[in-house]
Amino acid sequence: MNTSSSVASRPVGERGAFQTNHLESPTLPSRYYTDDAIYRRELHAVHYRNWCYIGHVSDIPRPRDYFTDTIAGQPIFVMRDRSGEIRAFFNVCQHRGHELLKGRGSLKVGITCPYHAWSYNLDGTLRNAPHTETVANFDRAQFSLRTINVAQSAGMLFVNLDPECEPFETKMGRFGETITRHLPDFEDYVAVERLHYDIGANWKVVVDNFAEAYHIPVAHPELARVLDEGLDDFVQEERFSYFLYRSRTGFEGLEIEAGSPYVAWMAWPTLNMLSLPGSKNLLVLRMLPNGVGQCSERVDIYAPEGPVDPKLLAVKSLFMDHFNQQDIGIVESVQRGLSSLGYDQGRYVCDPEDSWFSEVPLHTFHWQVLEALERLDG
Ligand code: FES
Ligand SMILES: [Fe+2]
């Protein structure tokens, strides 16, 4: 991801101030991972005002289908209205705030709140509110559900909780094309697995861990046997990056044709994706903050609809049984270390050639967090 603007207030830690130049900069001071006040500012600066992945068009294939979810603790739902248009709303009744929908399913005429039965049309307008005829100055039109901006890209759905947000296409316009160049029919894929991990680490520690390959040969011996370090192609834009590597032959149980594509994406603020060699798949990972030292990692695994390719099972096992478990152990250890009196800042390990092990994307991510916090302060 590229950065163009500057950050005026650079946080200072024991090894000095965060620098624009990654070759000279110490890492973010550890309080950025442990301070509850910074965390609460991040919710508003990052999670409530950026485009966040929420699902796929195949989650709501028919009119009136819906699913619920949360973005950094904010309950929302996404649905298809009668005409097939996809809409998103805060999942909260405008009477006294009860949540409206649960799980996923299909709606009938409208949405009825389980608390006092206020009901809403599929466009979010208030349809009926029992016993409000005598309520003074009660204007039904003022009590529609709060809408949320929603965007589609190659079948992926994104929401932005900020009503004033810039359009998705402004900074993510080429994102979908990087998916369809590998998985041309991704719009027709379905989620074949949804995984949920509760992790004892600040959300940024988990994103950090996906932002560099430096640890792969050390921490992921199985993955290192699959992944060739040579970068074959990449796209770097302000809000996302895409990297195409080639695979080695794999190992027993996951035999792969050497040279098969191994693709990784990173998108601001919390999205990471992998397409692992050996079968048609897309692993979509997002980190949802859940307190300063806690987050949830959610993983949706997409594959073509129909009989499961046995090679997909091997790919899933590589991810679930090996490297994701290894990464969870890593990030929880790092969170304990960041809370230690014996650590405040390290260094970004980079070289001028930006080699495979470079931690430049990590520096870029931290830069973007600082920039977002600064924008919040106005
Ligand atoms: S809170 Fe929904 S009807 Fe009362
Ligand atoms: Fe890892």
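Visitor: What should be known before reading the model?

Guide: Residues are numbered from 1 along each chain as its sequence is written, and chains are lettered from A and ligands numbered from 1 in the order in which they are written. Because the model is predicted, local features need pLDDT of at least 70 and side-chain atom pairs count only at pLDDT 80 or more, while totals for chains, interfaces and linings use all residues.

Visitor: What span should helix α9 have?

Guide: Helices (H or I, at least four residues) and strands (E, at least two) are DSSP runs, numbered from the N terminus. The expected span of a helix is 1.5 Å times one less than its number of residues. Helix α9, residues 360-377, has 18 residues and should therefore span 26 Å; its end C-alpha atoms are 26 Å apart, in agreement. Just after α9, Gly-378 has a positive phi of about 80 degrees.

Visitor: Which residues of α9 are buried?

Guide: A residue is buried if 20 or more other C-beta atoms lie within 10 Å of its own, exposed if 12 or fewer, and partly exposed in between, with C-beta atoms placed from the backbone. In α9 the buried residues include Phe-365, Trp-367 and Leu-370. Their cover includes α2 (36-47), α5 (203-210), β15 (240-247) and β18 (261-267).

Visitor: How do α2 and α9 cross?

Guide: Axes are lines fitted to C-alpha atoms, for helices over the stretch in contact, and angles run from 0 to 180 degrees between N-to-C directions. The axes of α2 and α9 come within 9 Å and cross at roughly 95 degrees. Angles under 35 degrees count as roughly parallel, over 145 as roughly antiparallel, 65 to 115 as roughly perpendicular and the rest as oblique. The two helices, α2 and α9, are therefore roughly perpendicular to each other.

Visitor: Where does β15 stand in its sheet?

Guide: Strands of a sheet pair through backbone hydrogen bonds, either parallel or antiparallel. Two strands pair if DSSP finds at least two bridges between them. Here an open sheet of seven strands, paired antiparallel, has the order β13-β21-β20-β19-β18-β15-β14. Since β13 (190-199) and β14 stand at the edges with a single partner strand each, one side of each is left without a neighbour in the sheet.

Visitor: How many bridges join β15 to β14 and to β18?

Guide: Six bridges join β14 (residues 227-236) to β15, and a hairpin connects this pair through three residues. Seven bridges join β15 to β18; Tyr-245, for instance, has Tyr-262 in β18 as its bridge partner.

Methods:
Contact = placed C-beta atoms within 7 Å.
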